Amino acid sequence: MFTKILIANRGEIACRVIETARKMGVGTVAVYSDADRDAKHVAMADEAVRLGPPPVGESYLLGEKIVEAALVTGAEAVHPGYGFLSENPDFVEKVEAAGLVFIGPSASAIKAMGLKDAAKVLMEEAGVPVVPGYHGNNQDEGFLAAQAEEIGYPVLIKAVAGGGGKGMRRVERAADFTEALHAARREGSASFGNAQVLIEKYVLSPRHIEIQVFGDDHGNAVHLFERDCSLQRRHQKVIEEAPAPGMTTEMREAMGAAAVRAAKAIGYSGAGTVEFIVDASDGLRPDGFWFMEMNTRLQVEHPVTEAITGVDLVEWQLLVASGAAVPRPQSQLDLSGHAFEARIYAEDVPAGFLPATGQLAVLDFPEGVRIDNGVRAGDEISPWYDPMIAKLTVHGPTRAVALGRLHKALQATEIIGCTTNVGFLAALASHEGFAAGAVDTGLIERDLEALTTELDPPDALKAVAAIGARDWNNGFTLWAPLRQQVVLDGVAYWVSVLGGDRYQVDDLEVAVLATNGADWQVEIGGKIARARVRRQAGSLYVAMGGASYTATIDDPLNRVMGAEANANELHAPMPGLVSTVLASAGDTVEAGAPLIVMEAMKMEHTLRAPFDGQVAEVLTSSGAQVESGALLLRMEAP
Ligand code: ADP
């Protein structure tokens, strides 16, 4: 076993790897950018080496600098985590050329699976079923359109180098093909430096079921069963589970065997995932799954597999990388119970899932669940990196019990200081179709409205919030006026003191019977309820009866009145990167014309002309990192 390893990553996955390394008595070296000097992964590691300024191109993607850091600190191996350099064969070669071990597959295995088109050819040869479509070299627009016609709409255009749901466009009809092709190419070249695409049949009622595989340098390969990652939004996984609901022994064996064939075909060593698309329109059938791609690294959602198998996948990674065989043969691998993982993000769900930033004043999770995270209370969710706050994983003897635990745990999660998707995840965890196991990748999109309107907190909760915010506004309750206005998230409430412990908030009468720190006992409408009320700086968190509400308290004394929205101006709706500027000053544009493309959290967001007119001024440029609200462009009416 190694005595010291370097983790070429940040955030939760760096912390995850450090935890197991420590358990195994292996020393750890972290790397960091200037934005991460005080980050959790740096604090956890035995040593840490600075890479550079915050942009990933000047820090976490600097392969040479990372190798140098490993050499300087005496680390013998490099764990890449996921993302960043984890699937970069050049990096693997650099690591190995320096005499270090790459904790992962060989450069050639990564290359074989690196491009979706080449991987599909290889898999066809290995006898693994692949989605029907065109994955050849002819990239002529007319030719591709004809291929799409032949495959039959709807089709999916995928950037061959794409990943993380990026560079992918579903096309319903021929008329939309060209625009979608351009968008996929643009994303492909902007994010992966490769504009080549493939076209696939869009599988109806698609389910995403993937198989965890593990190989070693002695020719062994096993699988650790499946994960169902069908709950997605814009092709990004939201909640994952293992095993897959409705899975039969027959299909599990067929999928497991295909995945092991895929791994063996490329001499795979270490942890990998073979992703399949499954047609669920007719139940799960052993002939109804097709290879999509192989991820040649540890996946974000690996904890659900660990929960049902009892295997520490990072431990296996370290063992296999140091030369050991896969620790257990297939016959000694078993699964037990059911697990779910929910990805908690800093994002504004009602605003269209826009990434959010902020300082996490409070970050509290309930007991009895697994939390993987890379931030602590007090840490900042910065615009530089993925805004994931934590992964919450639960396990139970049955799917129903595990799902109940997930729901309860999400309800008991307290985060203040940053807008999060926790309420949305809780709504999903109690979604009827999801509970019934009727999952497919379109579930969230179909029920988005119901899932997001449920997020609107009930009046009783807002009333308790208004009372909770009241003290804060004044500092001393003693001197608070009998009738006072409180503004939460821009909405005004009148709170009147009726005497003793009783308050009137708009039309609701609330009695605060007892308070013990954040634990309140309140009476509303003849019922007694327990509430959690926590305040931190200008934010408030209230939870009661299974619902929670996080609000910003507007201090009336120093409230900066938001400038009247100016229809001539385009502002950044989220913090992120300006990927493309499509207009210049003086351009005449039609209403709806795309002017600026931004990206954040692997998502493209297009800002369009609000009316027919002229571009007066462009105040940003491609590659600029901007804060939410930044003025990007001014228009002039004709
Ligand atoms: P990425 O590498 O960007 O993650 P994938 O090829 O893994 O892209 O696909 C991501 C998601 O897109 C899948 O989980 C699935 O939901 C959807 N998807 C991919 N291919 C198809 C297809 N042929 N038909 C329907 N949905 C698909």
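H208 puts a polar side-chain atom 2.5 Å from an oxygen atom of the ligand. The model is a predicted one. The protein covers 97% of the 560 Å² of accessible area that the ligand has on its own.

**Ligand contacts**
- Q232 also reaches an oxygen atom of the ligand: an N or O atom in the Q232 side chain is 2.6 Å away.
- E200 faces a nitrogen atom of the ligand, with a polar side-chain atom at 2.9 Å.

**Shell around the ligand**
- The shell holds 23 residues, of which K116, G165, H208, Q232 and E293 come nearest.
- By class, eight shell residues are nonpolar, eight are polar and seven are charged.
- Five strands each supply at least two shell residues: β7 (155–159), β9 (197–201), β10 (206–215), β13 (270–279) and β14 (289–295).

**Second largest pocket**
- What volume does the second largest pocket have? The value is about 1,100 Å³.
- Its lining counts 47 residues, and T419, T420, S548, Y549 and T550 are the closest to the centre.
- Which element gives the most to this lining? β31 does, with six residues.
- Elements that give two or more residues include the helices α12 (399–411), α13 (422–429) and α16 (448–453).
- Strands on that list are β16 (347–348), β23 (414–416), β30 (539–544) and β31 (547–554).
- The lining of this pocket splits into 20 nonpolar, 21 polar and six charged residues.

**Cavities**
- Searching the whole structure gives two cavities of 30 Å³ or more.
- The second largest cavity has a volume of about 50 Å³.
- Lining this cavity are 13 residues, with P80, I103, R297, L298 and Q317 the closest to its centre.
- Its lining has six nonpolar residues, six polar ones and one charged one.

**Open sheet**
- Four strands make up an open, antiparallel sheet, in the order β32-β39-β37-β34.
- β32 (569–571) and β34 (588–589) are the edge strands; each has a single partner, so one side of each is left without a neighbour in the sheet.
- β32 and β39 (residues 631–636) run antiparallel and are joined by three bridges.
- Which residue of β39 stands opposite E569? R634 does.

How values were computed
Residues numbered from 1 in each chain as written. Predicted model: local features only at pLDDT ≥ 70, side-chain atom pairs only at ≥ 80, totals over all residues. Heavy atoms only, no water. 1 Å grid on protein atoms, 1.4 Å probe; cavity = no way out; pocket = protein on both sides within 12 Å on 5 of 7 lines; lining within 4 Å. Points joined across faces, edges and corners; volume = space filled by probe spheres on them. Nonpolar A, V, L, I, M, F, W, Y, C, P; charged D, E, K, R; others polar. Near = heavy atom within 4 Å. Polar contact = N/O pair within 3.5 Å; in protein donor to acceptor, adjacent residues only side chain to side chain. Areas by Shrake-Rupley, 256 points an atom, 1.4 Å probe, with all protein chains shown as cover. Pairing = 2+ DSSP bridges.
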